[in-house]
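Take a look at the structure below. This report covers some of its helix contacts and one of its pockets.

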Amino acid sequence: MWPDRRIQELFGIELPIVQAPMAGPTLAEMVIGAARAGALGSLPCALLSLEQAHEQCRLIREATDRPLNLNFFCHRPPAPDPARDAAWRERLAPYYREFGLDPAMPVSPSNRAPFDAQWCELVEQQRPRVVSFHFGLPDADLLQRVRATGARVISSATTVAEARWLEQHGCDAIIAQGAEAGGHRGVFLSDDVSTQVGLFALLPQIVDAVDVPVIAAGAIGDARGIAAAFALGAAAVQIGTAYLFCPEAKISPLHRRALFDAREDETALTNVFTGRPARGIVNRLMREAGPLSPLAPAFPLAGGALAPLRAKAEAAGAADFMPLWSGQARYRRELSTYELTRALAREALALIGTRAS
């Protein structure tokens with residue numbers, strides 16, 4: 001028996017595991033595998049068009065009637081900053097010349113759509129069991145519309161202050177995102193990531209500070225991590241990087257190879273790929289232009305000028321200019337999403353039961 005069943009009852013799921021909504025690697029196949037296994041399957045919508053999101057939801061609904069989580073970014077679009085854009089292009093100019101590209105060539109803007117009225121209509125039409133947000137919460141009127149569908153609302157907190165803010169603004173549960181977690185930091189009350197806290201220091205403090213159930217996220221990928229999270233007061237765990245080794249993960253061979261080769265001390269927080277701090281495996285651009293650069297345009301604009309460099313490097317078999325998102329943990333189990341989810345739950349429950357006895 002799981003020691004805390006609040007998340008299972010809140011979301012209507014069998015296992016207290018949330019498959020992390022990793023934009024890019026996660027599409028319908030992974031969501032279906034996690035949901036069928038009894039976890040909360042999560043579809044990230046940040047890199048999808050509305051039409052693509054509807055199609056992914058259709059594929060998921062046709063394969064399973066288990067609860068679904070739709071995930072959205074809720075950042076504010078940045079104000080134009082031509083000077084910063086020019087400085088970033090100037091910083092990248094030597095790389096352009098190295099690849100025989102014109103540093104002044106036009107580039108397509110990098111875009112990640114924030115949650116807005118159109119995305120809210122998607123929620124109203126699809127009516128998922130859970131809607132999760134990153135970078136805080138959307139405006140009150142949009143949040144009210146989401147809640148009117150009956151969806152449970154969750155979001156990420158990287159500090160106790162953010163957790164309290166989320167609870168005060170109506171979250172049904174809170175994801176405690178430790179500094180070890182891969183991908184974008186969920187920070188929204190501060191831009192300072194220099195003092196970000198590790199999960200097992202952050203988790204019990206958030207548990208003590210809020211009344212809603214807490215989901216632990218950050219370098220959890222085996223039974224020991226799950227059991228430890230429950231011992232510190234979590235009601236569920238969110239797992240991300242461990243799922244990147246599953247065949248359903250939509251990552252490039254270069255990213256997959258980097259995940260297998262990297263050591264635990266070879267990730268860092270960087271803003272050079274998108275303009276917001278995110279944890280990934282250190283590569284050439286991070287070493288030479290970052291990992292944190294004051295020149296990188298505000299999220300999500302930094303990636304536009306990198307696209308030509310990334311295309312050239314990848315064609316040559318190099319991952320020098322692509323984000324290699326990864327948490328600090330190195331759990332390499334090449335199982336299907338379904339098999340990994342069931343194995344982690346079985347092993348964790350056995351460990352929790354052993355310790356309880």
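## Helices α7 and α8

In this predicted model, V160, A163, R164 and E167 of α7 meet L202, Q205, I206 and A209 of α8. Contact means heavy atoms within 4.5 Å. By class, the residues of this contact are five nonpolar, one polar and two charged. Ala, Val, Leu, Ile, Met, Phe, Trp, Tyr, Cys and Pro count as nonpolar; Asp, Glu, Lys and Arg count as charged; the others, Gly among them, count as polar.

Helix α7 covers residues 160–168, and helix α8 covers residues 199–209. Their axes come within 9 Å and cross at roughly 35 degrees. Axes are lines fitted to C-alpha atoms, for helices over the stretch in contact, and angles run from 0 to 180 degrees between N-to-C directions. The crossing of α7 and α8 is right-handed. That term applies if the near helix is turned clockwise from the far one by less than a right angle. Helices are DSSP runs (H or I, at least four residues), numbered from the N terminus.

## Helices α3 and α5

Helix α3 (residues 50–63) packs against helix α5 (residues 117–126) at about 20 degrees. Their axes are 11 Å apart. The two helices are therefore roughly parallel, a term for angles under 35 degrees. α3 passes α5 in a right-handed crossing.

On the α3 side, the contact uses L50, A53, H54, C57 and R61. On the α5 side, it uses Q118, W119, L122, Q125 and Q126. Five of the contact residues are nonpolar, four are polar and one is charged.

## Helices α5 and α6

Helix α5 also meets helix α6 (residues 140–148): their axes come within 9 Å and cross at roughly 10 degrees. So α5 is roughly parallel to α6. A117, C120, E121, V123 and E124 of α5 meet L142, R145 and V146 of α6. This contact has five nonpolar, no polar and three charged residues.

## The second largest pocket

How much space lies in the second largest pocket? The volume is about 410 Å³. It is lined by 15 residues, and the closest to its centre are D191, G275, R276, P277 and F299. The lining has seven nonpolar, four polar and four charged residues.

A pocket is an open set of points on a 1 Å grid over the protein atoms alone, where a 1.4 Å probe fits, with protein on both sides within 12 Å along at least five of seven lines. Lining residues have an atom within 4 Å of a point. Grid points are joined across faces, edges and corners, and a volume is the space filled by probe spheres set on the points.

## About the model

Residues are numbered from 1 along each chain as its sequence is written, and side-chain values use heavy atoms, leaving out hydrogens and water. In this predicted model, local features need pLDDT of at least 70 and side-chain atom pairs count only at pLDDT 80 or more, while totals for chains, interfaces and linings use all residues.

Terms used
Parallel < 35°, antiparallel > 145°, perpendicular 65-115°, else oblique.
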